[in-house]
Amino acid sequence: MEDQIILDMYFAREESAIIETKQKYGQRLLNTSMNILNSYEDAEECVNDTLLKAWDAIPPTRPTSFGAYLAKISRNLSINKWESGNTIKRGGGTIPLLLSELEDCIPASGGLEEEWEMSFLTETINEFLSTVNQTARVAFTLRYFHGESIQSISKQFKISESKTKSILFRVRKKLKIHLEKEGII
């Protein structure tokens, strides 16, 4: 079913919109949450919470990219759940690994203007990603937004893991240069 039809169902407050949304995007949302949480039950809960948040936000919100809108909600809920359930004592996971890979590119958060800075940073990263080739852009998004493993990305592109690592390394290096030019680092 087309996104616009599903969104029209939300605006008409038809509960079947949730069913259609889960049918179309449920597995992708579940995969994203599983990559972050490593727990099927927690991931399923985040997917359900994502659907509830979408129901509460639509209307008045009408996202231009419904899939990306849902993915962002799911990702944020998953990260929040992970942060609330994991302390340094309990050991690390995927999120610290992903953040450590990006730490040379993205400055640490903090300060009074953090929200504005994060908005500018997001805009700048999106601008940068529009300049790289599709393979690099998709690999970067799968790794650092959806939390996909190197192995999973390699399988999707049918390339070796070392090639995937190389692509991601080069994109991070270019991103760092881009952010330096923009005065972010």
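Let's start with one residue. Thr 164 lies in helix H9, residues 161-181. Helices here are DSSP runs of H or I with at least four residues, strands are E runs of at least two, and both are numbered from the N terminus. Is Thr 164 buried or exposed? Thr 164 is buried, at 1% relative accessible area. Buried means under 20% relative accessible area, exposed means over 50%, and partly exposed is in between, using a 1.4 Å probe and protein chains only. The side chain of Thr 164 makes a polar contact with the side chain of Ser 154, at 2.7 Å. A polar contact is a pair of N or O atoms within 3.5 Å; within protein, one must be able to donate a hydrogen and the other to accept it, and residues adjacent in sequence count only if both atoms are side-chain atoms.

Now the ground rules. This is a predicted model, where local features need pLDDT of at least 70 and side-chain atom pairs count only at pLDDT 80 or more, while totals for chains, interfaces and linings use all residues. Residues are numbered from 1 along each chain as its sequence is written, and side-chain values use heavy atoms, with hydrogens and water left out.

The overall picture. The protein has nine helices and zero strands. From the N terminus the order reads α-α-α-α-α-α-α-α-α. Of its 185 residues, 38% count as buried.

Next, a second polar contact. Ser 33 sits in helix H2. Its relative accessible area is 0%, so Ser 33 is buried. What does the side chain of Ser 33 contact? The side chain of Ser 74, at 3.1 Å.

On to packing. H1 and H2 pack at about 150°, with axes 8 Å apart. That makes H1 roughly antiparallel to H2. Axes are lines fitted to C-alpha atoms, for helices over the stretch in contact, and angles run from 0 to 180 degrees between N-to-C directions. Under 35 degrees counts as roughly parallel, over 145 as roughly antiparallel, 65 to 115 as roughly perpendicular, and the rest as oblique. The crossing of H1 and H2 is left-handed. Left-handed means the near helix is turned anticlockwise from the far one by less than a right angle; right-handed means clockwise.

H2 also packs on H3, at about 135° with axes 8 Å apart. That makes H2 oblique to H3. This crossing, of H2 and H3, is right-handed.

Let's look at H3 itself. It covers residues 40-57, which is 18 residues. At 1.5 Å a residue it should span 26 Å, and its end C-alpha atoms are 25 Å apart, which agrees. The expected span is 1.5 Å times one less than the number of residues. Which residues of H3 are buried? They are Ala 43, Glu 44, Cys 46, Val 47, Thr 50, Leu 51, Ala 54, Trp 55 and Ala 57.

Now the charges. How many salt bridges does the structure hold? Five. A salt bridge is a side-chain nitrogen of Lys or Arg within 4 Å of a carboxyl oxygen of Asp or Glu. I'll show some of them.

Lys 24 pairs with Asp 3, with the closest N and O atoms 2.8 Å apart. Lys 24 is in H2, residues 16-37, and Asp 3 is in H1, residues 3-11, so the pair ties together parts 21 residues apart in sequence. Lys 24 is partly exposed at 39%. Asp 3 counts as buried at 18%.

Asp 8 and Arg 62 form another salt bridge, 2.5 Å from N to O. Asp 8 is in H1 and Arg 62 is in the loop between H3 and H4 (66-85), so this pair ties together parts 54 residues apart in sequence. Asp 8 is partly exposed at 43%, and Arg 62 is partly exposed at 36%.

Then Arg 28 and Glu 148, at 3.3 Å from N to O. Arg 28 is in H2 and Glu 148 is in the loop between H7 (134-144) and H8 (150-157), so the pair ties together parts 120 residues apart in sequence. Arg 28 is partly exposed at 29%, whereas Glu 148 is buried at 6%.

Last stop, H7. At its start, a side-chain oxygen of Asn 133 reaches to within 3.1 Å of the backbone nitrogen of Thr 135. Buried residues in H7 include Phe 140, Arg 143 and Tyr 144. I'll take questions now.
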